[in-house]
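Have the structure open while you read.

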Amino acid sequence: MLRETLDPSEAPRAGPPIAAAPETVPQPRPRLGKVFAVSALMVTLPALVYYLWLCIADHDGALFFPASAEDWQTLLYRLPGPTTSAVLVFVGWFLLQALFQIAAPGKIHEGSVLADGLRLKYKMNGWMSFWASLAFIGAVVSLGWLSPTFVYDQFGPLLTTANLFAFAFSLFLYIHGRTPKGDDRITGNFLYDYFMGVRLNPRIGGFDFKFFCESRPGLIGWVVVNFALAAKQYELHAALTTPMLLVLAFHFLYVADYFWHEEAILTTWDIKHERFGWMLCWGDLVWVPFTYSLQAHYLVGHPHELPVWGTIGIVLLNLTGYVLFRGANWQKHRFRKDPEALVWGKKPTSIRTSQGALLLTSGWWGIARHVNYLGDLLMGLAWCLPCLFDHVVPYFYIIYFTILLVHRERRDDAKCRAKYGADWDAYCGKVPWRILPGVY
Ligand code: NDP
């Protein structure tokens, strides 16, 4: 029965039996340049989030460039410390999400086959946790226990709290990963291991920290941050503008869709290949909620309206992106589960690799090798356009995301070429475009 639901690429390979728990294999020490790069990222990325916030909070959304020593001093004084209420709300939110993950009912799914031949079990209760969280926030706000604009009013202290929490939690993950267990990766360089993570799937009992942080506190938090920003716009201007409603609706759709298809995360790069260290942890807890909400943040102080044709155009762009993104991801997911399932009403075509895995070459996957990224990028653009063109800051998401996905596609391509060799070359011959057919 289990084999029927296996992703064929993940079926345990033929060969000598794999030991139940292989010893941790020490990794070669990273080069100094790599250590320097990860250290620099741990300083510059948090600084960038503060900078973007200050562009909006203090400069009406414009970029600013501190030039004199005095400017830098003013900037340092502007950096907020954590307040008691921000700490209580942030930690309370994290614990609430953990409680939902543990207690809410959900179907059990199995993850990819690990190096030891085993599969981990995951409880898919994100959909329920998402709605329960929104109901909880709705109740807390209606009862007057929390101001609807709390996140806006305490944005700086919340950002500092989230940063401190993510750094501390990453340290916990590093220490947790130091107890040797199969599939860990320790190079012995603290900074590098702290940044990249040591353990692929850190868990206590059945509680999976990576699976949890990938979505629950940050992704649901992003929606809640957006609601608070909309509440602030309403408080300041006695209206919710069309751009704000569009941004709210698009982001809401994206997150709700994620939880509706939550099991699809089990075959993503992050879950299958990335260790859980600062990079993912900080990204999940700080980067996502505090930068993905930039457009809504910007719109608080920019209550402009859009022409009808503009609104329709942006909605159509988002829908096109969504159809591509969801259609492609789901097609691959379904194909990997059932290679006979029809693709666009026809028998799918594919390349069988010498490893046994099938690479789909019809449907969306016959158009470009990562057409799902294209869908994501079109949606990202639709999220920025409602902010119009006065400033570049609300376009930060699409700029960063394009860089991320182009880089990610290159990494994935290298990984697949190393894994599938000549079969991957044959696949690239059949599907020559990487992301955007005819262009790239
Ligand atoms: P994909 O879901 O595209 O997975 C790539 C893997 O799929 C490859 O490594 C390979 O794995 C397998 N594969 C590649 N080609 C084929 C094929 N033709 N047929 C069958 N299997 C194939 O990548 P990601 O995990 O990076 O992205 C998933 C989604 O998440 C994307 O839509 C992306 O845009 C989105 N995303 C969103 C982010 C955000 O912050 N909003 C961040 C990152 C991603 P195998 O080894 O199994 O063969």
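A quick definition to start with: helices (H or I, at least four residues) and strands (E, at least two) are DSSP runs, numbered from the N terminus. Bear in mind that this is a predicted model, where local features need pLDDT of at least 70, side-chain atom pairs count only at pLDDT 80 or more, and totals for chains, interfaces and linings use all residues. Residues are numbered from 1 along each chain as its sequence is written, and side-chain values use heavy atoms, with hydrogens and water left out.

Let's begin with Leu95, which sits in helix H3 (residues 84-103). Leu95 is exposed, at a relative accessible area of 54%. The labels work like this: buried means under 20% relative accessible area, exposed over 50%, and partly exposed in between (1.4 Å probe, protein chains only). Leu95 and Leu191 are 96 residues apart along the chain, and 28 Å separates their C-alpha atoms.

Now for Tyr50, a residue of helix H1 (residues 32-59). Tyr50 counts as buried because its relative accessible area is 14%. Leaving out residues up to four places away in sequence, Tyr50 touches Leu79, Pro80, Leu159, Thr160 and Asn163, where contact means heavy atoms within 4.5 Å. From Tyr50 to Arg178 it's 128 residues in sequence and 32 Å in space, C-alpha to C-alpha.

Thr241 is another buried residue, with a relative accessible area of 4%. You'll find Thr241 in the loop between H8 and helix H9 (242-260). What does Thr241 touch, not counting residues up to four places away in sequence? The list is Gln233, Pro303, His304 and Glu305.

On to the helix pair. Helix H4 (residues 126-142) packs against helix H8 (residues 209-237) at an angle of about 35 degrees, and their axes are 11 Å apart. Axes here are lines fitted to C-alpha atoms, for helices over the stretch in contact, and angles run from 0 to 180 degrees between N-to-C directions. H4 contributes Gly126, Ser129, Phe130, Ser133, Leu134 and Ile137 to the contact, while H8 brings in Arg216, Ile220, Val223, Val224 and Phe227.

Asp60 isn't a glycine, yet its phi is positive, near 60 degrees. Asp60 belongs to the loop between H1 and helix H2 (69-78), and is partly exposed, with a relative accessible area of 47%. Trp344 also has a positive phi without being a glycine, at about 50 degrees. The loop that holds Trp344 runs between helix H13 (308-337) and strand S5 (350-352). Trp344 counts as exposed because its relative accessibility is 52%.

The table gives polar contacts, pairs of N or O atoms within 3.5 Å.

| Residue (polar side-chain atom) | Distance to a ligand oxygen atom |
|---|---|
| Tyr292 | 2.7 Å |
| Asn329 | 2.9 Å |

Note on methods. A polar contact is a pair of N or O atoms within 3.5 Å; within protein, one must be able to donate a hydrogen and the other to accept it, and residues adjacent in sequence count only if both atoms are side-chain atoms.
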